[in-house]
Amino acid sequence: MITQFIILAAGAGTRMRSNTPKVLQPLAGKPLLGHLLSTIEQLPIDKSCHLITGHQSERVESFANEQSLSYVINAIYQAEQLGTGHAVQQALPHLPDEGMSVILYADVPLVSGETLTKLIEDAKDSLCLLTQTLDNPKGYGRIIREAGQAVGIVEEKDATDDQRQIKEVNTGMMAVNNAVLKSLLPKLQNNNQQQEYYLTDLIALAHREALPINTLDVANPIEAQGVNDKRQLATLERAYQCQLADALLTQGVTLIDPDRFDLRGTLKISKDVTIDANCIIEGEVELGEGVSIASHCVIGTPHQKTVIGNGVEVKSHSVIECGIIEDNCVIGPYARIRPNTHLHENVKIGNFVEVKKSDIHQGAKVNHLTYIGDATIGSHANIGAGTITCNYDGVNKSKTVIGEGAFIGSNSSLVAPVEVKSGAVVGAGSTITRTVEEDQLAIARGKQRNIDHWPKPSKKS
């Protein structure tokens with residue numbers, strides 16, 4: 001039997017004060033809706049998803065369709081937004097008579113797969129409501145019980161003083177048998193000040209018809225935390241990052257300051273990895289054994305893969321956008337590794353060096369103030385300070401090839417396409433436009449003139 005997931009994602013999110021729909025606001029580098037879709041993807045059950053859209057429906061639907069998911073997403077447009085009950089009603093014609101539906105909210109993104117599995121199990125032949133116990137339940141709908149059985153939900157504005165003392169609150173998420181859902185949803189009334197159909201009324205209807213109502217108290221408060229404005233988004237971001245940091249600490253990563261660490265993608269680690277404060281990990285990143293990342297580094301790019309081998313040292317304020325960094329390389333400080341770069345073993349990339357779309361072989365050194373683009377550098381070559389590969393003529397990109405053991409003097413310009421072959425030397429300050437053969441010395445600079453008795457300029461009165 002296929003489990004149906006109904007995700008409510010129609011709200012405008014006006015309190016976000018943003019042109020981006022609320023459900024597409026980023027949390028840890030991924031839109032809120034994306035977190036839910038990924039969690040559903042990981043559940044080992046047959047499933048389909050009904051996405052209730054409204055505000056900027058095209059953008060929301062487009063994002064959902066761009067995800068690589070194994071299950072079908074059926075986008076349903078809610079023309080009038082008349083409450084949560086009305087939103088779920090839009091899915092009724094698309095639900096089979098048998099099976100189970102799980103109702104979720106795109107702005108409550110971090111409910112776990114374990115919780116959803118238990119919620120479905122506990123729904124049995126009726127329904128199960130996900131609840132939460134809070135020390136300060138202000139603003140939440142309270143769970144009303146009689147003889148221990150949940151019988152309804154009362155909103156705070158309608159609650160008595162005694163009811164406001166109740167600490168068990170409604171999260172809005174529930175699993176409901178399809179037959180029950182199809183029976184009860186049409187009976188919802190909008191007899192309230194907002195004239196909206198509230199899904200919370202489903203509990204009282206089920207009690208009235210003597211249907212069993214189960215509840216599941218969520219263990220981790222972050223799973224039920226919703227987002228309505230940028231303040232709540234920032235609060236959830238930090239709480240989630242702390243949770244991710246704690247998981248990495250459990251795996252053995254040394255985080256110098258877990259409160260100043262951000263993971264905006266996926267991180268695969270080995271033993272003895274150390275990450276200093278204020279580092280950001282983005283996209284898909286793999287760190288080998290003994291990798292050390294100093295403070296204020298950015299590793300990775302969204303939707304790209306970065307692989308860093310064993311024993312690599314990344315010094316402070318460096319950026320590695322993506323690529324392959326093999327074992328025992330040293331990078332930085334203040335270095336930038338751009339896409340399509342491959343650093344082989346024991347390469348050194350020093351301070352204020354930028355490398356783009358280049359293949360740098362074992363033991364080569366690019367230590368200072370240098371730009372290497374569209375280049376291949378042979379093993380154990382040395383690139384002096386201030387060197388640049390002039391790879392762009394305004395229209396086309398061309399390649400520079402530097403051979404094994406070549407030495408490029410400081411402040412040199414290599415005008416591509418050009419090759420400096422193995423063992424060759426380029427004198428400092430040269431502009432190289434033609435091939436330098438093996439073991440040759442190339443010097444391309446103006447002849448120095450020294451003029452005697454040159455008058456120094458005097459200060460004007």
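How many aromatic pairs does a search of the whole structure find? The search finds one aromatic pair, described in Figure 1. The structure is a predicted model, in which local features need pLDDT of at least 70 and side-chain atom pairs count only at pLDDT 80 or more, while totals for chains, interfaces and linings use all residues. Residues are numbered from 1 along each chain as its sequence is written, and side-chain values use heavy atoms, with hydrogens and water left out.

**Figure 1. The aromatic pair of Tyr 334 and Phe 352.** The two rings are stacked, at 5.0 Å centre to centre and with 10 degrees between the planes. Rings of Phe, Tyr and Trp (its six-membered ring) pair if their centres lie within 6.5 Å; planes under 30 degrees apart count as stacked, over 60 as edge-to-face and the rest as tilted. Because Tyr 334 lies in the loop between β22 (330-331) and β23 (336-337) and Phe 352 in strand β25 (residues 348-356), the pair ties together parts that are 18 residues apart in sequence. Helices (H or I, at least four residues) and strands (E, at least two) are DSSP runs, numbered from the N terminus. Tyr 334 counts as partly exposed at 39% relative accessibility, and Phe 352 counts as partly exposed at 48%. Buried means under 20% relative accessible area, exposed over 50%, and partly exposed in between (1.4 Å probe, protein chains only).

**Figure 2. The largest nonpolar core, with Ile 7 among the residues that have the most contacts inside it.** This core has 63 residues. A nonpolar core is a set of buried Ala, Val, Leu, Ile, Met, Phe, Trp, Tyr and Cys residues joined through side-chain atoms within 4.5 Å. Besides Ile 7, the residues with the most contacts inside the core are Ile 6, Leu 33, Leu 37, Ile 103, Leu 104 and Leu 181. Residues up to four places away in sequence aside, Ile 7 touches Leu 33, Leu 36, Leu 37, Ile 40, Cys 49, His 50, Leu 51, Ile 52, Leu 104, Tyr 105 and Ala 106; contact means heavy atoms within 4.5 Å. A second, separate core of 62 residues includes Cys 329, Ala 375, Ala 381 and Leu 414.

**Figure 3. Helix α1 and its buried residues.** Eight of the 11 residues of α1 are buried, so the helix is largely enclosed by the rest of the structure. The buried residues are Leu 32, Leu 33, Gly 34, His 35, Leu 36, Leu 37, Thr 39 and Ile 40.

**Figure 4. The largest pocket and its lining.** The volume of this pocket is about 1500 Å³. On a 1 Å grid over the protein atoms alone, a cavity is a set of points where a 1.4 Å probe fits but cannot get out, and a pocket is an open set with protein on both sides within 12 Å along at least five of seven lines; lining residues have an atom within 4 Å of a point. Grid points are joined across faces, edges and corners, and a volume is the space filled by probe spheres set on the points. Of the 41 lining residues, Lys 22, Thr 84, Tyr 105, Asp 107 and Asn 228 lie nearest the centre. The lining receives at least two residues from each of β1 (3-9), α3 (84-89) and β10 (168-177), and β10 gives the largest share, three residues.

**Figure 5. The second largest pocket and its lining.** This pocket has a volume of about 1100 Å³. Its lining has 39 residues, of which Lys 30, His 35, Tyr 240, Gly 265 and Thr 266 lie nearest the centre. Elements that give two or more residues to this lining include α1 (32-42), α4 (113-123) and α8 (230-251). The largest share, six residues, comes from α8.

**Figure 6. Two cis peptide bonds, Gly 332 to Pro 333 and Ala 416 to Pro 417.** Omega is near 5 degrees for the bond from Gly 332 to Pro 333, and Pro 333 lies in the loop between β22 and β23. For the bond joining Ala 416 and Pro 417, omega is about 0 degrees; Pro 417 lies in the loop between β33 (413-415) and β34.

**Figure 7. Positive phi values at Arg 17 and His 303.** Phi of Arg 17 is near 50 degrees, and this residue is exposed, with a relative accessible area of 77%. Phi of His 303 is near 70 degrees, and His 303 is exposed, with a relative accessible area of 80%.
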